[in-house]
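Here are my notes for your first read of this model. Keep the structure open beside them and find each residue as it comes up.

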Amino acid sequence: MTWMSLLPGGLDAPRWIAILAGLAAASALAAAWLALLPTGTVAVRARGLAKRRQSLRRDALSNRTSRRDRIQAQSFMRRAVTRLDLLRSSHAASVNRVLASAGLRGQEALVAYLFAKLALPVLGLAAAGCLHLGLTPFELSGLGGLALGLGLVLLAAYAPDLVLRNMAQRRATALVRSLPDGLDLMVICAEAGLSLDAALSRVAREIHAASPELADELALTAVELNFLPERRRALANLGERTGTAGLKAMVGTLIQTEKFGTPLAHALRVLAQEMRTERMMQAEEKAARLPAILTIPMVLFILPPLFIVLLGPAVLSSLDAMRGM
């Protein structure tokens, strides 16, 4: 019995030597590669920075391409809106306030809204024409096609207003819910000795994860306080942008504090307590309305099955007795 008999079948000694030589060469190459890799902290950080630079470059190129596409689309919409002179209309100013309350600022948002109000009814009218001519995969009667076409036109005409109103309402609800917490943070910043500008900036940074809407408004107000000539105008802009009662009350408190020199922390603490009390009263009011709201579902869906379960056997027994007689 030789040592070659211990090898697996199908492989002789020269093949095994070749396999072992290949494994040894691969191990030597891997060892040399690991030895040449940078092991110091500075080298590792430099390599990470190089990778980060490459990824940022790719993101910048892709963002530049998408931004160029957006600019082209925006320029087309702007040409259409400007040619019809819609930006100078009296309706544009009121729409701009609603857009600001929804968190959409700048003239680009106004141009997009006006273009949607202009283009969507045309598309709805085209869809109504297709329905009237019978260019649909399903068959409709003349009256049905006319009603569906008119519904499409009305929906397309009012869709931008509905979407914008929904966005403004959701943003206002988020602002009202997070405002007492923001006021508490402002009280802490004021008691720590920060000025109003610094307190707004710090609260905006701290509350951004919990409420991006409130952080956005407070950061913009802090910027306007530093750049506008009148601080009162910057504070009033906050109430005009949001349109919520809580932020308007906070703006009034801050304006009075700036005017009369009253302690900022005390005023904000009282305002936060009032807002929490008001929110508790609103919750109690909703709880008090709950029995009246539940009356209709109870009458329609709960009482009929209950009557059937309770009176059903008696009615069936009475019917059987009448049949027996």
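1. Start with helix α7. The model is predicted, and in it the residues of α7 that are buried are L214, A215, E217, L218, T221, A222, E224 and L225. An α-helix has 3.6 residues a turn, so residues three or four places apart point the same way. Keep that in mind as you read the list.

2. Next, the length of this helix. α7 covers residues 212-227, 16 residues in total. From its first C-alpha to its last, α7 reaches 23 Å. That is close to the 22 Å expected at 1.5 Å a residue.

3. Now the largest nonpolar core. It has 32 residues. L183, M186, L196 and M250 have the most contacts inside it. Two or more residues come from each of α5, α6, α7, α8, α9 and α10. The biggest contribution is from α5, with 7 residues.

4. Look closely at L183. Leaving out residues up to four places away in sequence, L183 touches M250, L268, L271, A272 and M275. A second, separate core has 13 residues, including M77, A92, L99 and L114.

5. Then the largest pocket. It holds about 470 Å³ of space. Its lining has 17 residues. Nearest the pocket centre lie V176, R177, E278, R279 and Q282.

6. Which elements give two or more residues to this lining? They are α5 (142-191), α9 (245-260) and α10 (264-324). The largest share, 8 residues, comes from α10. By type, the lining divides into 9 nonpolar, 3 polar and 5 charged residues.

Key:
Residues numbered from 1 in each chain as written. Predicted model: local features only at pLDDT ≥ 70, side-chain atom pairs only at ≥ 80, totals over all residues. Heavy atoms only, no water. Helix = DSSP H or I, 4+ residues; strand = E, 2+ residues; numbered from the N terminus. Expected span 1.5 Å × (residues − 1). Buried < 20%, exposed > 50% of the residue type's maximum accessible area, 1.4 Å probe, protein only. 1 Å grid on protein atoms, 1.4 Å probe; cavity = no way out; pocket = protein on both sides within 12 Å on 5 of 7 lines; lining within 4 Å. Points joined across faces, edges and corners; volume = space filled by probe spheres on them. Nonpolar A, V, L, I, M, F, W, Y, C, P; charged D, E, K, R; others polar. Core = buried A, V, L, I, M, F, W, Y, C linked by side-chain atoms within 4.5 Å. Contact = heavy atoms within 4.5 Å.
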